[in-house]
Amino acid sequence: MTSDRPIYLDHNATTPLLPEVVDAMLPYLREHFGNPSSGHVYGRRARDAVENARTQVATLIGAAPEEIVFTSGGTEANNLAILGVAKMPGRARHVVTSVIEHPATAEPCCWLQRQGWTVAWLPVDRAGRVRADDVAGALAEQRAALVSVMHANNETGVIQSIADVARAARDAETLFHTDAAQSLGKIAVRVNDLGVDLLSIAGHKLYAPKGVGALYVRKGVGIERVVYGAGHERGLRPGTENVASIVGLGTACAIAHATLADESARQRRLRDLLWERICAAVPDVAINGDPFERLPNTLNLRFPGVRATELLARTPGIAASTGSACHEGGESPSAVLTAMGLDADTALGSVRLSLGRRTTEDEVVRCASVLSVAWHSIRRQASLLSLRRVSEASCATSYLLVEPPAR
């Protein structure tokens, strides 16, 4: 564990490519260069690879291959779902979503607001969960074109009751979309069990490359394209397919499908070990979010009396995050944590630790030790500084109380 090769505990930000994914991609970067739309053998090889990957993605989520549309990532998938539904004629100009959505969902909704749509921004409870009753209530107040609620939160790992939320949308005859970028490959994600109409996938959260993703569109659900060009991907996403990355996404999905139960259990065990070690060493440390309904790899902790940025600065041998990687760059508290009722200082003391397929027990034990030592060091220095200030203030007060000598 060194500062140039720290223990990587930021898998919710991005994941490394699996060796099997790289091996599957290489032939399509080297020799199989054809355009999938071409009719000759080079094109057919590329097309076959794309269709095989489509089947692999569909298998992981329990969908039909023709319901998978490849995109450039989770952000494009979310935009296609939200804006694609909004562009359909006859839709109610109203969307229901939550206050803890990723910007890839929140920003398209904000854009719709600027175009005159109304958006219901639903709150979450202190565990970070959206209530299905709130969704039903919002839909009872105003007819909507779409409800969009993420499956699992990228910062806390809290898993939403998507089946219940989707049922509330279905009862109101409203389409339902979920962003499953964080959940896919970590827990079971089956579109029919969830009852979703649209579901977004991001390759780089799943040990596939950055710059590739997919949108599940249930058969019979009508959406419009948001980018214009040729008729690729059922006419919904024009542009020559990124064959190598699509192959990588398909391979990553196949690996996840084959190993999900065992790998999920392994990461949960390591996450709980990490929590136990830190909890034993740091008084009053606490978990942010639902302690049970959360991703098996994610631990979002609030460390009392410190800033998370300072804590991570003292532990250069650990690569972790103070929140979503998409929000870094400032000392403002996480909007997700404040939406859950945390005050600004508490939110600023929170660290997200997210494990992955390569995380080992030895790394977890060392991480717990290093973070604990750093926390105690910061608190000790803060106590000494406080005592010094009290002492200086006391001396100044004593000086003022001494009567001046008689003339």
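Start by selecting Ala 145, which sits in the loop between α5 (132-141) and β5 (146-148). The model you have open is a predicted one. Is Ala 145 buried or exposed? With a relative accessible area of 5%, Ala 145 is buried, because buried means under 20%.

Now show what surrounds this residue. Setting aside neighbours within four places in sequence, you will find Ala 145 in contact with Val 85, Arg 91, Ala 92, His 94, Trp 117, Thr 174 and Leu 175.

How many Å separate Ala 145 and Glu 155 in space? From C-alpha to C-alpha the gap is 28 Å, although ten residues separate the two in sequence.

Your next stop is on the surface: select Phe 33, Val 41 and Tyr 42. Together these three form a nonpolar patch with about 310 Å² of accessible area. Click on Val 41, and you are in helix α2, which covers residues 41-61.

Finally, zoom out to the whole chain. Colour by secondary structure to pick out twelve helices and twelve strands. The C-alpha trace spans about 105 × 50 × 40 Å along its principal axes. Of the chain's 407 residues, 52% count as buried. The accessible surface amounts to about 18,100 Å², and carbon and sulfur atoms account for 53% of that.

Terms used:
Residues are numbered from 1 along each chain as its sequence is written. This is a predicted model: local features need pLDDT of at least 70, side-chain atom pairs count only at pLDDT 80 or more; totals for chains, interfaces and linings use all residues. Side-chain values use heavy atoms; hydrogens and water are left out. Patches are made of residues with over 30% relative accessible area and no salt bridge: like charges are joined within 9 Å, nonpolar side chains (Val, Leu, Ile, Met, Phe, Trp, Tyr) within 5 Å. Accessible areas come from the Shrake-Rupley method with a 1.4 Å probe; for residues, only the protein chains shown count as cover. A salt bridge is a side-chain nitrogen of Lys or Arg within 4 Å of a carboxyl oxygen of Asp or Glu. Helices (H or I, at least four residues) and strands (E, at least two) are DSSP runs, numbered from the N terminus. Buried means under 20% relative accessible area, exposed over 50%, partly exposed in between (1.4 Å probe, protein chains only). Contact means heavy atoms within 4.5 Å.
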